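Q: Could we go through this structure together? I would like plain answers, please.

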Amino acid sequence: MNRLCDCGQQMELDLRTVIYSHRIKIERVPVFACESCSHFEVLPLIKENLLSLIAELNIVSGIHKVLFTEICDIADIIDDVFRHQTDDIGSPIEQLLNDKIEERINLLLDLYRYAQELGDTDWMEDVSNRLGQITEHLQHFQTMDRNVG
Ligand SMILES: [Zn+2]
C-alpha cells in the first residue's frame with residue numbers, strides 16, 4: 001500500500017482536509033502523505049469522486065463543508081479502519097482494509113436485493129454504482145499487496 005514520494009521517502013495512507021477556492025472544505029479525504037516533506041496526493045481511485053463533488057459544490061454559492069466519509073464508501077472504510085486500528089494490533093492495515101471492503105460489499109449486495117424486492121430502480125442504480133466503485137478498490141488494494149509482497 002506504500003508509495004514513494006518524489007523526495008524518496010515512503011508515503012503513508014492518511015485522511016486529510018482538502019480546501020478548494022477558500023470556500024469548499026472537504027474533510028477526511030484519503031490521501032498518500034509524506035511525513036518528511038509536506039507533499040500529499042489524493043488516492044487515485046477516489047480522485048474522480050472528489051473532483052465531481054467539488055464541481056457540484058462549486059456552482060452553488062456560499063461556504064461548503066462536507067465529510068467525504070459520508071459520500072464515499074472507501075473513505076468511510078479507511079476512516080473506520082483508522083479508528084479501530086489500535087484494537088487490531090498485529091494485523092496489517094491492508095488486511096484490515098480488505099476485510100472491511102468485503103464486509104461492505106456484502107452489505108451493499110443485501111441492500112441491492114432489498115431495493116430489487118421493492119422495485120426501487122433509482123436505489124438499485126445507486127447501490128450498483130457504489131458496488132462497482134468499491135469492487136474496483138478491492139482489486140486495486142489486492143494488486144498493491146501483490147506488488148509489495
Ligand atoms: Zn516527500
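**Fold and zinc site**

A: Read along the sequence, the pattern of the chain is β-β-β-β-α-β-α-α-α, where helices (H or I, at least four residues) and strands (E, at least two) are DSSP runs numbered from the N terminus. This is a predicted model, in which local features need pLDDT of at least 70 and side-chain atom pairs count only at pLDDT 80 or more, while totals for chains, interfaces and linings use all residues. Residues are numbered from 1 along each chain as its sequence is written, and side-chain values use heavy atoms, with hydrogens and water left out.

Q: And how many helices and strands are there in the chain?
A: The chain has 4 helices and 5 strands.

Q: What coordinates the zinc ion?
A: The zinc ion is held by C5 (SG), C7 (SG), C34 (SG) and C37 (SG), at 2.2 to 2.3 Å. Donors are N, O and S atoms within 2.8 Å of the metal (3.2 Å for Na, K and Ca); water is not among the atoms, so sites may look incomplete.

Q: Where do C7 and C34 lie in the chain?
A: C7 is in the loop between β1 (3-4) and β2 (10-20), and C34 is in strand β3 (residues 24-34); the two are 27 residues apart, so the pair links distant parts of the chain.

Q: Are they buried or exposed?
A: C34 counts as buried, at 5% relative accessibility, whereas C7 counts as partly exposed, at 41%. Buried means under 20% relative accessible area, exposed over 50%, and partly exposed in between (1.4 Å probe, protein chains only).

Q: Changing topic, what is the span of helix α3?
A: Helix α3 (residues 93-118) has 26 residues and reaches 37 Å from its first C-alpha to its last, close to the 38 Å expected at 1.5 Å a residue. The expected span is 1.5 Å times one less than the number of residues.

Q: Which residues of α3 are buried?
A: Among them are I93, L97, I101, R104 and L108.

Q: What follows α3?
A: G119 follows α3, and its phi is positive, near 70 degrees.

Q: Last one: which residues form the aromatic pair?
A: The structure holds 1 aromatic pair. Y114 and W123 form this edge-to-face pair, with 5.7 Å centre to centre and 85 degrees between the planes. Rings of Phe, Tyr and Trp (its six-membered ring) pair if their centres lie within 6.5 Å; planes under 30 degrees apart count as stacked, over 60 as edge-to-face and the rest as tilted.
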